[in-house]
Amino acid sequence: MAKIIVVTSGKGGVGKTTSSAAIGTGLALAGKKTVIVDFDIGLRNLDLIMGCERRVVYDFVNVINGEANLKQTLIKDKRVDNLFILPASQTRDKDALTKEGVERVLNELSAEFDFIICDSPAGIESGAMMALYFADEAVVVTNPEVSSVRDSDRILGMLSSKSRRAEQGLEGIKEHLLLTRYNPERVIKGEMLSVEDVKEILAIELVGVIPESQAVLNASNSGQPVILDEESDAGQAYLDTVKRLLGEAVPFRFLTVEKKGFIKRLFGG
Amino acid sequence: MSEHSLELKGSLFPLSVLHCSDLSISSLQSLLTAKLAQAPAFFYQAPLVINLQDNDSNPDFAALKQLFTELKLVLVGVTGANAAQKAAAQQAGLAVLQAGKSNTAKAVEPAPQSPAPERSAPAQVVVQQQAMDSKIVEQNVRSGQQIYAKGADLIIKGAVGAGAEVIADGNIHIYGSLRGKAIAGASGDSSKRIYCYNMQAELVSIAGNYWLSHSLQGEFWGKPACIRWQGESLVISELV
């Protein structure tokens with residue numbers, strides 16, 4: 001039985017797909033057989049971030065409609081063993097997903113994989129609900145600013161009321177807070193909420209803090225999950241995050257302003 | 001999710017049960033009017049069930065329904081009815097309810113001491129209403145969620161997020177931060193209060209009198225506080 005983890009946020013553009021790609025890749029690097037499922041039907045992005053956009057033949061909607069089987073549809077990553085991608089359809093919309101169809105596909109994947117990462121679309125409509133409905137755990141991606149925090153709060157409410165676990169009265173979804181685009185310099189200037197502020201408002205356990213980094217943009221543009229860039233601060237922060245998801249206690253890094261030399265080295269190269 | 005457009009789920013609701021030996025319209029009207037005069041707001045549009053256990057007559061349910069409507073009550077059904085009464089009640093569009101375990105047979109008789117002799121006297125009305133209850137929420141109330149404690153106090157162990165609403169006909173107690181809206185005394189009782197451990201509310205209201213957050217951003221912002229209605233205005237004070 002696979003563990004199903006939804007990566008969600010409510011708000012768009014906070015780094016859900018980047019985080020799904022990084023976490024999925026990190027779990028596979030740790031030897032766990034992992035599949036990342038793109039639930040953003042109609043706005044297919046995951047394949048770009050993972051650098052496999054030219055290898056998409058069939059998609060999630062084809063599998064749900066029985067037009068292709070999983071074996072034909074899953075894309076095996078060329079860099080990391082144990083890593084697969086189930087791409088979204090670009091031509092359909094989010095109503096193409098049915099609860100029964102999603103359940104059937106997840107059950108089929110569950111028999112074969114250790115982890116299923118569901119990359120949720122933004123918003124709180126059917127697509128996002130579908131991505132979180134079957135989840136065992138949730139990574140709530142939040143930027144350190146008020147609108148993102150409020151949207152995360154909203155999604156946390158839905159996780160505890162609209163999921164399968166909630167409806168069946170099972171133990172609730174395990175919620176993790178992933179703070180992305182964190183910039184300690186701007187926190188000091190009062191332009192950004194601090195880790196403590198966000199933790200206080202959302203009151204869930206912190207699983208990672210990803211610093212704002214040029215490396216993330218570079219990684220996205222080159223189709224390389226940023227976690228593979230082990231030199232970068234963001235890559236290291238995602239590696240820490242994956243370790244915490246797997247139950248390891250890892251101290252938090254990149255929470256304070258780094259020495260100038262380090263920043264220069266990072267942006268200079 | 002289109003399959004959610006229709007759902008049937010079982011739920012339990014508190015209902016007031018009316019015990020009355022004489023169900024003739026004229027006697028019931030005067031008795032109920034007197035009863036309602038004691039607490040008009042409390043029974044306003046309250047759903048009621050008639051208990052027919054000690055009553056073998058066959059009342060005119062259509063007329064009863066009409067009477068209840070006139071008195072601003074909602075007659076939803078009957079309980080403890082015999083076969084003829086059941087048929088007549090169903091004819092009048094009323095629900096036939098199975099009494100809950102605690103109310104079956106003789107269990108109800110010995111429980112309250114005072115109502116028993118009252119009921120033995122002819123044509124006395126006893127409305128059994130559950131005491132002011134409490135609704136308890138163990139977790140955080142998140143943005144977009146709304147919780148209403150009808151006819152009850154509301155106790156929240158966690159925080160109330162910005163964009164969340166907590167509403168109670170009674171008092172509201174919040175043991176976390178209040179960043180959303182809190183509305184106490186929602187049915188019009190201005191003696192109700194709001195207590196919270198960390199006051200950062202968007203809005204607080206007691207019996208329809210409200211303050212927005214700018215009125216709260218003084219001495220007590222981010223601190224434990226109590227809101228109450230005093231004289232002609234809301235008053236904020238420290239909790240301890």
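Tutor: Start with D40(A), which is in contact with A88(A), K94(A), D119(A) and P121(A), leaving aside neighbours within four places in sequence. Contact means heavy atoms within 4.5 Å. This is a predicted model, in which local features need pLDDT of at least 70 and side-chain atom pairs count only at pLDDT 80 or more, while totals for chains, interfaces and linings use all residues. Residues are numbered from 1 along each chain as its sequence is written, chains are lettered from A and ligands numbered from 1 in the order written, and side-chain values use heavy atoms, with hydrogens and water left out.

Student: Why is D40(A) called buried?

Tutor: Buried means under 20% relative accessible area, exposed over 50%, and partly exposed in between, with a 1.4 Å probe and protein chains only. D40(A) has a relative accessible area of 13%, so it counts as buried. Its place is in the loop between β2 (34-38) and α2 (46-49) of chain A. Helices here are DSSP runs of H or I with at least four residues, and strands are runs of E with at least two, numbered from the N terminus.

Student: What makes K16(A) count as buried?

Tutor: The relative accessibility of K16(A) is 7%, therefore K16(A) is buried. K16(A) lies in helix α1 of chain A. Not counting residues up to four places away in sequence, K16(A) touches V7(A), T8(A), S9(A), K11(A), D119(A), S120(A), P121(A), A122(A) and V141(A).

Student: Which residues does UniProt place under "binding site"?

Tutor: The unreviewed UniProt entry gives that feature at K11(A), G12(A), G13(A), V14(A), G15(A), K16(A), T17(A) and T18(A). UniProt positions are in the numbering used here, feature names are shortened, and annotations may be inferred rather than shown by experiment.

Student: Why does T18(A) count as buried?

Tutor: T18(A) has a relative accessible area of 15%, so the label is buried. T18(A) is also found in helix α1 of chain A. Beyond residues up to four places away in sequence, T18(A) touches I49(A), V216(A), S220(A) and Y238(A).

Student: Which residues make up the contact of α1(A) with α12(A)?

Tutor: From α1(A), T18(A), S19(A), A22(A), I23(A), G26(A) and L27(A) meet Y238(A), V242(A) and L245(A) in α12(A). By class, this contact has six nonpolar, three polar and no charged residues. Ala, Val, Leu, Ile, Met, Phe, Trp, Tyr, Cys and Pro count as nonpolar, Asp, Glu, Lys and Arg as charged, and the others, Gly among them, as polar.

Student: What makes helix α6 of chain A mostly covered?

Tutor: Eight of the eight residues of α6 (residues 126-133) are buried. Those buried residues pack against β1 (3-8), α5 (99-110), β5 (115-119), α7 (146-159) and α8 (164-167) of chain A.

Student: Why are C118(A) and C226(B) called buried?

Tutor: C118(A) is at 0% relative accessibility, so it counts as buried. C226(B) is at 4%, therefore C226(B) is buried as well.
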